[in-house]
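Have a go at each task before reading its solution.

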Amino acid sequence: MKKLVAEFIGTLWLVLGGCGSAVLAAAYPELGIGFVGVAIAFGLTVLTMVYAIGHISGCHLNPAVSIGLWAGGRFELKDLGPYIVAQVLGGIAGAGILYLIASGKAGFDMGGFAANGYGEHSPGGYGMLAALVSEVVMTFMFLLIILGATHSKAPVGFAGLAIGLGLTLIHLISIPVTNTSVNPARSTSQALFVGDWALDQLWLFWLAPIAGAILAGLVYKYMSPEKD
């Protein structure tokens, strides 16, 4: 249960910190942090949580990460369901807190609420195929970074830096395409509040990250299996 509580809190922080920066600070008049700031914010949420809860739950914060670690032989199948539920609920809680804060401003408009999308809902107007390829490849690379940084032969103590910086880079590349998901829990939390088109397009932000994560798990397991 402690592991699930940690995953709940960690995913809450990821959504509140990452999506919160996008909703509250990205376009703030004259002083907004923009895409770069949002990318850094997402990286910082993971970086901070790796060191806060990594020793408790492994700090997955993401159904695709849990599934990718399972595919790579690093996580037990029996724990997948509970982890995914905790992550999704944590993401929804984070989005709920963000909504309470954001709606406290006069004239609040939900807008996109940092939801992921393609086509007319892509920040750069990218179509479904581009979004699909982006999410598969970015999640694939994210899992390779995680699997490598947490390998038994990797330098000890630096996993958080590699993973956090990796997620920052991924956001720098793909925010214009989809607002960057690589995380079905993060996508679900925002889509539930936006509704409408965000829920209609949510399927892609489950399918693509999970596909990329499974592929990465299998590839890394082949390249550098863990030795007992």
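Patches are made of residues with over 30% relative accessible area and no salt bridge, where like charges are joined within 9 Å and nonpolar side chains (Val, Leu, Ile, Met, Phe, Trp, Tyr) within 5 Å. A salt bridge here is a side-chain nitrogen of Lys or Arg within 4 Å of a carboxyl oxygen of Asp or Glu. Accessible areas come from the Shrake-Rupley method with a 1.4 Å probe, and for residues only the protein chains shown count as cover.

This is a predicted model, in which local features need pLDDT of at least 70 and side-chain atom pairs count only at pLDDT 80 or more, while totals for chains, interfaces and linings use all residues. Residues are numbered from 1 along each chain as its sequence is written, and side-chain values use heavy atoms, with hydrogens and water left out.

**Exercise 1. Find which residues make the nonpolar surface patch.**

Step 1. The patch covers about 530 Å² and is made by Val36, Ile40, Leu44, Leu169, Leu172 and Ile173.

Step 2. Helix H2 (34-57) and helix H6 (159-178) are the elements that give two or more residues to this patch; helices are DSSP runs (H or I, at least four residues), numbered from the N terminus.

Step 3. Take Ile173, in helix H6. Its relative accessible area of 44% makes Ile173 partly exposed (buried is under 20%, exposed over 50%, partly exposed in between; 1.4 Å probe, protein chains only).

**Exercise 2. Classify the ring pairs Tyr99 with Phe108 and Phe113 with Phe193.**

Step 1. Recall the rule: rings of Phe, Tyr and Trp (its six-membered ring) pair if their centres lie within 6.5 Å; planes under 30 degrees apart count as stacked, over 60 as edge-to-face and the rest as tilted.

Step 2. The structure holds five aromatic pairs. In one of them, the centres of Tyr99 and Phe108 are 5.7 Å apart and the planes stand at 80 degrees, so this pair is edge-to-face. Tyr99 is partly exposed at 30%, and Phe108 is partly exposed at 28%.

Step 3. For Phe113 and Phe193, the centres are 5.8 Å apart with planes at 45 degrees, so the pair is tilted.

Step 4. Compare the cover: Phe113 is buried, at 3%, whereas Phe193 is partly exposed, at 29%.

Step 5. Put together, Tyr99, Phe108, Phe113 and Phe193 form one aromatic cluster.
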